[in-house]
Amino acid sequence: MAELRFFDCNTRIGRCSTPRPEHFLDAAGLLAEMDCAGIERALVHHAWSVEWDPHEGNQALLRDIADEERLHPCFAALPSATRELPSPRDFARQVRQAHGAVRLFPTQHSYTLDDVSVGHFLDALSFERVPVLIDIGQTNWRDISQVLARHPALNLIVLNTYYRVDRNLYPLWDRFGNLHLDCGSYGVHRGIEAVCQRFGAERLLFGTDLPIHEVGGPMALVTYAAISDDDKQLIAGGNLRRVLGVSD
Amino acid sequence: MTDTFVDACRLGQALAGELVIDAHAHMGPWHNFHIPHNSARGMVERLDQLGIDACVSSPHVAIGPCYREGNRQVMAAADEYPERIIPYVTINPNYPEAETREEIEHWHSFARIKAFKIHPACHSYKVDGPGYGLMFEYAREHSVPVLSHSWAGDSQAGATLLSRMAGEMPNVTFIVGHAASSWSMIDEACGEAQGKDNVVLDLTGSQLLYMALEKMVERVGAAKILFGSDIPFIDPAPGLGRILMARLSDDDKRQILGLTTKRVFGL
Ligand SMILES: [Zn+2]
């Protein structure tokens, strides 16, 4: 097998409220970890956008990764009604130009995924082909199902699902081709193999959850999956490059 | 440190010439979620893909509703895949003592008791309760290791309780299950394992915390830590990959991958 080109869809930088001594907090630390593990690129969000304020966190993210070509911004977003962020159309355009993505924290930031709250915003992101990431701990499968049904062109990436999810996931995958899964914590026994056979490798993305979780586990899930090398390349990084519009 | 283990993980290559044993395995379906290829055959195929020589197994039905059915399943699987599937004998302390005695005597008569597995959480029973009495009696008499499920804040079988019991039974090795499942569990389990020869720590779990394995090795040494995965409850690749990619010496990785288990189980 040729060396895989890993593009991590799930990383964080920034000073946070509960760091551990071994956690890195800045872009240099993330890049050092990526070099050590053999990860080419990463999509990264800022702890401030989660724990302080999406606008401040997004600005800090842009400053912190300004010169780092290997790091792609993942911005936090909010319902547009409170006008805390630029208008959906401007925001979506800026994110697309930065080859970035948007991450939603409905539980932490106190809003619902209902179309009344975020419908316009998700339309704008769909239009600009900006992928949307969401931790399963911030939502539920019923809301995800509704978002997928109402926004069929939106690339949705669900994060940190762990392994007890197939009975929720498979019915959605039977219907929605735009649902993607961060497979870093998808520790289903031979699960990647099963998903590739039934739904195709396009549904899965490599993600680590650095700096909270380590790299070896998510990496081994991909490298040791009983699937073709082409499928491994898609999961390792090809799928994320595609949805972000990164050409190489 | 060479890059043998790191390269194997990056390239998805089965390790060659290294002893790798998964000391915490199950088998079969489970009520709570879908598990593809969960049969003994499906598991052995997975072991082959990962270069894992053997696993020590207690079927899901054993830690769930029927330990006797589980013990029969794993013995049959061990007969079908000798050296690949090593059986635990599982005990459910909620059944009458006479039944436990019969089960232990049965497997003893075939010389098939290599290790016990208990799940005080699933069976909702405290590990030092009388229902486990006969099993521990046998374990002391025959120096048989015991793997117990454990968790942070676990009132049935926390690391501190297991370690206290280990102090009372110096020839029984207590394997503390899921010892790396959270930072509070790591702190408790490492604190308890320090200085106790017969307390070892199992890495099984889905939370692969950044730098946790390195911290554990620093605190208790690799000879007290063993690889377990929960296969097929959880795929073994992540647990294996964490060890292969860790910032540890090759010798430490060898201990964790197989040598600790070889020693503890007398394989
Ligand atoms: Zn288990």
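A:Val132 makes contact with A:Val102, A:Leu104, A:Leu122, A:Leu125, A:Leu154, A:Asn155, A:Leu156 and A:Ile157, when residues up to four places away in sequence are not counted. The model described here is predicted. A:Val132 belongs to strand S5 (residues 132-135) of chain A. Because its relative accessibility is 0%, A:Val132 counts as buried. Its C-alpha atom is separated by 16 Å from that of A:Cys183, a residue 51 places apart from it along the chain.

The loop between S5 and helix H6 (141-150) of chain A holds A:Gln138. With a relative accessible area of 13%, A:Gln138 is buried, since the limit for that class is under 20%. Apart from neighbours within four places in sequence, A:Gln138 is in contact with A:Leu104, A:Phe105, A:Pro106, A:Thr107 and A:Gln108.

## Helices of chain A

In helix H1 (residues 27-37) of chain A, the buried residues are A:Ala27, A:Gly29, A:Leu30, A:Leu31, A:Glu33, A:Met34 and A:Ala37. An α-helix has 3.6 residues a turn, so residues three or four places apart point the same way. Just after H1(A) comes A:Gly38, with a positive phi of about 85°.

Helix H9 (residues 216-223) of chain A is largely enclosed by the rest of the structure, because eight of its eight residues are buried. These buried residues are A:Gly216, A:Gly217, A:Pro218, A:Met219, A:Ala220, A:Leu221, A:Val222 and A:Thr223.

## The zinc site in chain B

Three residues coordinate the zinc ion at 2.1 to 2.2 Å: B:His24 through NE2, B:His26 through NE2 and B:Asp230 through OD. The sequence spacing of these donor residues is H-x1-H-x203-D. B:His24 lies in strand S1 (residues 21-25) of chain B, while B:Asp230 lies in the loop between strand S9 (225-226) and helix H10 (236-245) of chain B; the pair therefore ties together parts that are 206 residues apart in sequence. B:His24 and B:Asp230 are both buried.

## The contact between the chains

Chain A contributes 37 residues to the contact, and chain B contributes 42 residues. The area buried between chain A and chain B is about 3,500 Å², with 57% of it given by carbon and sulfur atoms. A:His189, A:Arg190 and A:Tyr224 supply 26% of the area that chain A buries against chain B, more than any other three residues.

## Cavities

The model has five cavities of 30 Å³ or more.

| Cavity | Volume | Lining by class |
|---|---|---|
| Largest cavity | about 210 Å³ | six nonpolar, 15 polar and four charged residues |
| Second largest cavity | about 60 Å³ | six nonpolar, two polar and two charged residues |

The lining of the largest cavity consists of 25 residues; A:Tyr162, A:Gly184, A:Ser185, B:Ser206 and B:Leu208 lie nearest its centre. The second largest cavity is lined by A:Leu78, A:Pro79, A:Ser80, A:Arg83, A:Glu84, A:Leu85, A:Pro86, A:Ser87, A:Pro88 and A:Phe121.

Note on methods:
Residues numbered from 1 in each chain as written. Chains lettered and ligands numbered in written order. Predicted model: local features only at pLDDT ≥ 70, side-chain atom pairs only at ≥ 80, totals over all residues. Heavy atoms only, no water. Buried < 20%, exposed > 50% of the residue type's maximum accessible area, 1.4 Å probe, protein only. Helix = DSSP H or I, 4+ residues; strand = E, 2+ residues; numbered from the N terminus. Donors = N, O, S within 2.8 Å, 3.2 Å for Na, K, Ca; no water. 1 Å grid on protein atoms, 1.4 Å probe; cavity = no way out; pocket = protein on both sides within 12 Å on 5 of 7 lines; lining within 4 Å. Points joined across faces, edges and corners; volume = space filled by probe spheres on them. Nonpolar A, V, L, I, M, F, W, Y, C, P; charged D, E, K, R; others polar. Contact = heavy atoms within 4.5 Å. Buried area = accessible area lost by both parts, 1.4 Å probe.
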